[in-house]
Amino acid sequence: MERIGIILLGPPGSGKGTQAKELEKKFGFVHISTGDLLRKAVREGTPVGKIAEKYMREGALVPDDVILKLVNEALDGVDKFVLDGFPRNTSQAEKLDDMMREKSGKITKAILLEVTDDEIVRRLLARRVCPSCGRVYNLITSPPKDDNKCDVCGVQLIRRSDDNEDTIRNRLSVYRNETAPLIDYYERKGILVKIDAEKSPDEVFNAIVRVIGAH
Ligand SMILES: [Zn+2]
């Protein structure tokens, strides 16, 4: 059986993680998030994790070869998967294509979740984090059960200092500059699909399912 992969593209706050989890739950796509892979490698103190930790501690971007190694390992023995947070640039996309060729599989769709900057700002300003356990909430999409308190610890939730409008708009402009060439890359390959992700999570999910044809 041929291995198939789907890529979810979109700015922070576009719902990539939520949609990837649904694809995993309903259709058995293995959800591969580079953020999760990095945190796990660091937590388990693997050789790659130790290298990654050094960069993350300094607030620097983890180099491509480290990320690629993690993704390569995560893809082993996986027949269908959805990538969230990877690739971030065309160089990573090209290496991913090489990797898929070696594993005799291919990326069948790159799905771009489109959300305007104003909506992203609105969503990210509603984000709250528990200062004690680090769990992340969103007052719009995933609010805590009890008014502004962590479901697990009961501690008052806070807004991260970098979740303010100026910083968010800055991050978005960096994101758009970085990913524009990546979007072109998949468009040229004829596998890019754009989905309006300002709709409800259910509507977005149904649109994704139509695009990939439920497997
Ligand atoms: Zn907590």
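Author: **The core and its surroundings**

The largest nonpolar core has 36 residues, and those with the most contacts inside it are Ile7, Leu8, Leu9, Val82, Ile111 and Leu113. Strand S4 (residues 105–114) gives the most to this core, with 5 residues. A nonpolar core is here a set of buried Ala, Val, Leu, Ile, Met, Phe, Trp, Tyr and Cys residues joined through C-beta atoms within 7 Å. A residue is buried if 20 or more other C-beta atoms lie within 10 Å of its own, exposed if 12 or fewer, and partly exposed in between, with C-beta atoms placed from the backbone. Helices (H or I, at least four residues) and strands (E, at least two) are DSSP runs, numbered from the N terminus. In soluble globular proteins, nonpolar side chains tend to be buried together.

Two remarks on the source are needed. This is a predicted model, in which local features need pLDDT of at least 70 and side-chain atom pairs count only at pLDDT 80 or more, while totals for chains, interfaces and linings use all residues. Residues are numbered from 1 along each chain as its sequence is written.

Leaving aside residues up to four places away in sequence, Val82 touches Ile6, Leu8, Ala20, Leu23, Phe29, His31 and Ile32; two residues are in contact if their C-beta atoms, placed from the backbone, lie within 7 Å.

Asp84 belongs to strand S3 and counts as buried, because it has 23 C-beta neighbours inside 10 Å. With residues up to four places away in sequence again left out, Asp84 touches Leu8, Lys16, Gly17, Ala20, His31, Ile32 and Ser33. By contrast, 22 Å separates the C-alpha atoms of Asp84 and Ile51, which are 33 residues apart along the chain.

Gly85 lies in the loop between S3 and H5. Gly85 is also buried, because 20 C-beta neighbours lie inside 10 Å. Its contacts, not counting residues up to four places away in sequence, are Ser33, Thr34 and Gly35. The C-alpha atoms of Gly85 and Lys16 are separated by 8.1 Å, although these residues are 69 residues apart along the chain.

The loop between strand S3 (80–84) and H5 also holds Pro87. A cis peptide bond joins Phe86 and Pro87, with omega about -5°.

Next comes H5 itself. The axes of helix H4 (residues 64–75) and helix H5 (residues 90–102) come within 11 Å and cross at roughly 30°; axes are lines fitted to C-alpha atoms, for helices over the stretch in contact, and angles run from 0 to 180 degrees between N-to-C directions. Asp64, Leu68, Asn72 and Leu75 of H4 make the contact with Ser91, Gln92, Lys95 and Met99 of H5. By class, this contact of H4 with H5 has 3 nonpolar, 3 polar and 2 charged residues, where Ala, Val, Leu, Ile, Met, Phe, Trp, Tyr, Cys and Pro count as nonpolar, Asp, Glu, Lys and Arg as charged, and the others, Gly among them, as polar.

Finally, Ser104 is found in the loop between H5 and S4. Ser104 has a positive phi of about 40° although it is not a glycine. With 9 C-beta neighbours inside 10 Å, Ser104 counts as exposed.
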